[in-house]
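The following note sets out a few points on the model, for discussion among colleagues. Each point takes up one part of the chain.

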Amino acid sequence: MKNKQKLQQEQESTLNDLLSNPDLIYKGAINKWGHHLQLDMLVEECAELIASVNRLRRGRTKDEAVIEELADVDILIGQMRLVFDQAEIDEIKRKKLTRLAERVGLIRLSFKGRLASPAANCEARRN
Ligand SMILES: [Mg+2]
């Protein structure tokens, strides 16, 4: 009985480790099915997300359906980060988030695309 309980605790610990670092799960999926099939899955999950958002906007489904599809797409994006160049994705994401931060008025950029003066950015955050 004690061994069974200990084994269950070890399994839960292993699962918690995997869930806190899902890259191992993502690699497992890519190794098992190949990145071409996982790209097909990304297309399929994106299509399901689009369909669920459209149904939500027409009042024909609930938030939970969209949330489930968002989770599916997020898992596939996690896999694609291992297939494609993560550093390049992060760099492009940083540029896009910087541009978004400016568009929503959280920062100000100079004409060179760098942060404007500290005073200008303090003012941007106050507004
Ligand atoms: Mg799905």
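1. Lys 27 is a residue of helix H2. In this predicted model, Lys 27 counts as exposed because 12 other C-beta atoms lie within 10 Å, and a residue with 12 or fewer is classed in that way. Lys 27 and Val 43 are separated by 16 residues in sequence, and their C-alpha atoms lie 19 Å apart in space.

2. Lys 27 also takes part in the packing of H2 with helix H4 (residues 63–83). On the H2 side, the contact comprises Asp 23, Tyr 26, Lys 27, Ala 29 and Ile 30; on the H4 side, Gly 78, Gln 79, Leu 82 and Val 83. By class, five of the residues in this contact are nonpolar, two are polar and two are charged. The axes of H2 and H4 come within 9 Å and cross at roughly 75 degrees. The two helices, H2 and H4, are therefore roughly perpendicular to each other, since angles of 65 to 115 degrees fall in that class.

3. H2 (residues 23–33) packs against helix H3 (residues 35–57) as well, at an angle of about 110 degrees and with the axes 7 Å apart. This angle makes H2 roughly perpendicular to H3. Ala 29, Ile 30 and Trp 33 of H2 form the contact with His 35, Leu 37 and Gln 38 of H3. Four nonpolar and two polar residues make up the contact of H2 with H3, and no charged residue is present in it.

4. Helix H1 (residues 2–20) should span 27 Å, given its 19 residues at 1.5 Å a residue; its end C-alpha atoms are 27 Å apart, so the two values agree. H1 is hardly covered, and the count of buried residues among its 19 residues is zero.

5. For helix H5 (residues 86–103), the 18 residues should span 26 Å at 1.5 Å a residue, and the end C-alpha atoms are 25 Å apart, which agrees. H5 is likewise hardly covered: among its 18 residues the count of buried residues is zero. Just after H5, Gly 105 adopts a positive phi of about 85 degrees.

6. How far apart do the C-alpha centres of domain 1 and domain 2 lie? The domain assignment of the chain places residues 1–84 in domain 1 and residues 85–127 in domain 2. The distance between the C-alpha centres of these domains is 31 Å.

Methods:
Residues are numbered from 1 along each chain as its sequence is written. This is a predicted model: local features need pLDDT of at least 70, side-chain atom pairs count only at pLDDT 80 or more; totals for chains, interfaces and linings use all residues. Axes are lines fitted to C-alpha atoms, for helices over the stretch in contact, and angles run from 0 to 180 degrees between N-to-C directions. Helices (H or I, at least four residues) and strands (E, at least two) are DSSP runs, numbered from the N terminus. Angles under 35 degrees count as roughly parallel, over 145 as roughly antiparallel, 65 to 115 as roughly perpendicular and the rest as oblique. Two residues are in contact if their C-beta atoms, placed from the backbone, lie within 7 Å. Ala, Val, Leu, Ile, Met, Phe, Trp, Tyr, Cys and Pro count as nonpolar, Asp, Glu, Lys and Arg as charged, and the others, Gly among them, as polar. The expected span of a helix is 1.5 Å times one less than its number of residues. A residue is buried if 20 or more other C-beta atoms lie within 10 Å of its own, exposed if 12 or fewer, and partly exposed in between; C-beta atoms are placed from the backbone. Domain bounds come from an automatic or database domain assignment.
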